[in-house]
Amino acid sequence: MAGSKGYSFFVTFLISIAVLILIITVSSGMGYIQVPFDKVSRIIFSLSGLAEFSENDLFKTIVLDVRLPRIITSVIVGGGLAVSGAVFQGILLNPLADPYTLGVSAGAAFGACIAILFPVIAGTYSIPVFAFAGAISTLFFVIYLSKSSGRISSNSLILSGIIVAAILAAGISFLKYTADDEVAVIIFWLMGSFVSKTWMDAAVAGSIVFTGILITIFYSRDLNLISLGEKSAASLGVDTSKVTLILLITASIMTAICVSVSGIIGFVGLLVPHIVRIITGPDNKKLIPISFLFGAALLLVADTVTRAVLPHEIPIGVLTALIGGPFFCYIFKKNRIERGIS
Amino acid sequence: MENLFKLNNLNFSYDKRKVLNNISLNIEQGSFYGILGPNGSGKSTLLDIITGYLRPASGSVSFKGRDIGKWSKKELSKEIGVVLQNFYINFGYTVKDIVMMGRHPHIKKFANPAEQDLRIVDDTIRKTDIEKFKDRLITNLSGGERQRVVFARALAQDTKVLILDEATSNLDINHTLKFMNLVSERVKNKNITVIAVIQDINLAAMFCDHLIFLKDGNLKAIGKKDDVLSSSNIKEIFNVDTNIEENIYSGSKQVAFKRSI
């Protein structure tokens with residue numbers, strides 16, 4: 001669990017942070033108006049208060065007020081989804097679980113549809129607030145469904161999640177059917193986007209995601225033991241029911257805030273922990289921090305591609321699924337062949 | 001001898017099906033107990049209640065004079081180690097990682113394994129004959145090899161009580177004997193207590209000091225092996241005819257069965 005690989009983990013961690021900062025800086029310069037790399041770095045560095053940047057106010061506005069909020073939001077969402085994915089895979093003892101397995105995304109989508117169709121509460125935040133409420137109520141209903149005599153088993157959680165998600169999907173179809181012009185808004189929301197994200201979005205998502213990561217790291221060794229199965233973990237001193245519930249709620253709230261900020265973005269939560277496990281091994285103490293950095297970098301690159309490279313912006317959820325899906329198939333097959341599992 | 005576990009009028013049901021019926025028994029420290037009984041007689045459920053994993057519907061279990069429910073999971077994990085059968089895991093930990101997990105109860109949160117933990121793990125790996133695949137991934141091992149790793153993990157946990165739920169049923173005869181000897185040695189030298197569900201009556205006869213017979217959730221017999229291992233008990237519990245004789249080579253009573261055709 002530790003020891004010989006400790007040093008290489010630290011190096012991996014530092015390199016990942018450096019790469020993420022580099023990608024943030026490069027992508028801040030990319031877009032309709034190109035900002036040179038040295039200027040971007042100095043503008044970002046000026047945030048620390050150690051230096052000032054006053055040569056070009058246009059560049060400063062573009063980087064600090066337009067691009068960085070969107071970039072930081074995508075970093076937080078990408079990292080948050082990746083960490084939730086790793087946690088869900090650990091709790092559900094299933095490497096194919098993802099943050100959406102328990103129907104959290106369907107709940108968020110349903111909530112968002114309601115907010116779009118019935119704009120009772122005015123204001124820009126009605127969609128994320130409804131999406132978050134939908135996601136959280138779905139989670140608790142799924143936990144309630146799967147609980148029997150005080151215990152939560154991973155199989156019943158997966159089943160309950162699938163059932164509830166299917167019902168909500170039908171509900172979403174019905175809402176789309178009854179909607180008129182709003183259909184386009186619903187479909188656009190469902191495909192995910194970071195367009196016009198603000199510092200407010202980044203701050204709200206960031207505070208929840210970082211709290212969540214601290215909690216998951218605190219329980220990371222227990223999570224390792226839970227993957228041995230509930231009974232074995234219990235015999236090794238893990239209060240499995242308590243830890244499972246805490247991690248389940250933490251990961252779901254992280255997912256819910258990500259979905260409500262950005263819409264549904266698939267494959268990050270499934271793909272990233274898989275790739276990172278190849279580098280760090282399955283130990284969650286290493287897997288969780290590296291997954292955050294890797295997920296953050298991946299989603300930021302994807303968002304920068306759709307924002308600044310492609311001639312037209314396409315929804316980020318579509319892009320991650322189109323690239324992530326086939327790539328996942330490749331990794332999955334290659335890994336199984338190498339390990340000799342058929 | 002001191003009573004380590006005291007079970008008093010235990011009852012347990014899954015839904016409406018009664019699994020354990022009014023079980024009362026005492027487990028002494030420093031002894032090797034075997035639990036025998038037909039499939040579905042409640043053996044594993046009894047172990048789950050003894051370890052505190054399941055709560056009985058009525059009745060009480062005390063461990064070291066204190067109700068088992070009053071012990072925290074963490075405290076119990078320093079006292080009681082468990083080996084289950086059919087261990088399966090989806091994540092590619094190395095064999096050494098898994099054995100090290102047995103030290104979890106002894107390592108503080110966020111601390112790294114101490115010198116002593118590393119030494120115990122290396123020691124256990126050597127003694128349990130899993131050294132040659134200690135760096136391989138657990139997901140790539142055969143069922144029997146995986147079982148040996150799980151057994152090693154429980155031995156590395158270094159507890160005064162060891163619970164074995166058909167822990168050797170996947171092992172070849174060489175490793176079955178190796179592990180049973182290893183455990184018996186700890187009973188003798190370190191005064192640990194073993195409670196084992198065993199299907200193989202002759203294996204139980206070789207290694208156990210006490211036998212517990214269960215049938216349909218009822219306690220049918222409990223006592224010193226030589227007192228309760230009789231043809232009439234086996235007939236009553238398993239409904240098979242046997243001839244039981246002292247066997248010099250194995251140093252214990254051994255049971256021979258008759259084929260019907």
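Q: Axes are lines fitted to C-alpha atoms, and angles run from 0 to 180 degrees between N-to-C directions. At what angle do helix α3 and helix α8 of chain A pack?
A: In this predicted model, helix α3 (residues 57–91) and helix α8 (residues 199–218) of chain A pack at about 25 degrees, and their axes are 9 Å apart.

Q: Why are α3(A) and α8(A) called roughly parallel?
A: Angles under 35 degrees count as roughly parallel. The angle here is about 25 degrees, so α3(A) and α8(A) are roughly parallel to each other. The crossing of α3(A) past α8(A) is left-handed.

Q: Which residues make the contact of α3(A) with α8(A)?
A: On the α3(A) side, A:Leu64, A:Leu68, A:Pro69, A:Ile72, A:Thr73, A:Ile76, A:Gly80, A:Val83 and A:Val87 take part. They meet A:Trp199, A:Asp201, A:Ala202, A:Ala205, A:Gly206, A:Val209, A:Ile213 and A:Thr216 in α8(A). By class, this contact of α3(A) with α8(A) has twelve nonpolar, four polar and one charged residue.

Q: What makes α3(A) roughly antiparallel to α11(A)?
A: The axes of α3(A) and α11(A) cross at roughly 150 degrees and come within 9 Å. Angles over 145 degrees count as roughly antiparallel, and therefore α3(A) is roughly antiparallel to α11(A). This crossing of α3(A) and α11(A) is left-handed.

Q: How many charged residues are in the contact of α3(A) with α11(A)?
A: The contact of α3(A) with α11(A) has no charged residues; 13 are nonpolar and seven are polar. Among the α3(A) residues in it are A:Leu81, A:Phe88 and A:Ile91, and among those of α11(A) are A:Leu247, A:Met254 and A:Cys258.

Q: Which residues of α5(A) meet α6(A)?
A: A:Thr138, A:Phe141, A:Val142, A:Leu145 and A:Ser146 do, facing A:Ser156, A:Leu157, A:Ser160, A:Gly161, A:Val164 and A:Leu168 in α6(A). The contact of α5(A) with α6(A) divides into six nonpolar, five polar and no charged residues.

Q: What lines the second largest pocket?
A: Its lining has 18 residues, and A:Trp189, A:Val195, A:Ser196, A:Lys197 and A:Val261 lie nearest the centre. α5 (126–146), α7 (182–190) and α11 (240–262) of chain A each give two or more residues to this lining. The volume of the second largest pocket is about 420 Å³. By class, its lining has eight nonpolar, eight polar and two charged residues.

Q: What makes a space in the protein a cavity and not a pocket?
A: In a cavity a 1.4 Å probe fits but cannot get out, whereas a pocket is open. The structure holds three cavities of 30 Å³ or more.

Q: Which residues line the largest cavity?
A: About 50 Å³ of space lies in the largest cavity. Its lining is A:Ala86, A:Gln89, A:Gly90, A:Ser227, A:Arg277, A:Pro282, A:Asn284, A:Leu287, B:Phe91 and B:Tyr93. The largest share of this lining, three residues, comes from α3(A). The lining of the largest cavity has five nonpolar, four polar and one charged residue.

How values were computed
Residues are numbered from 1 along each chain as its sequence is written. Chains are lettered from A and ligands numbered from 1 in the order in which they are written. This is a predicted model: local features need pLDDT of at least 70, side-chain atom pairs count only at pLDDT 80 or more; totals for chains, interfaces and linings use all residues. Side-chain values use heavy atoms; hydrogens and water are left out. Helices (H or I, at least four residues) and strands (E, at least two) are DSSP runs, numbered from the N terminus. Angles under 35 degrees count as roughly parallel, over 145 as roughly antiparallel, 65 to 115 as roughly perpendicular and the rest as oblique. A crossing is left-handed if the near helix is turned anticlockwise from the far one by less than a right angle, and right-handed if clockwise. Contact means heavy atoms within 4.5 Å. Ala, Val, Leu, Ile, Met, Phe, Trp, Tyr, Cys and Pro count as nonpolar, Asp, Glu, Lys and Arg as charged, and the others, Gly among them, as polar. On a 1 Å grid over the protein atoms alone, a cavity is a set of points where a 1.4 Å probe fits but cannot get out, and a pocket is an open set with protein on both sides within 12 Å along at least five of seven lines; lining residues have an atom within 4 Å of a point. Grid points are joined across faces, edges and corners, and a volume is the space filled by probe spheres set on the points.
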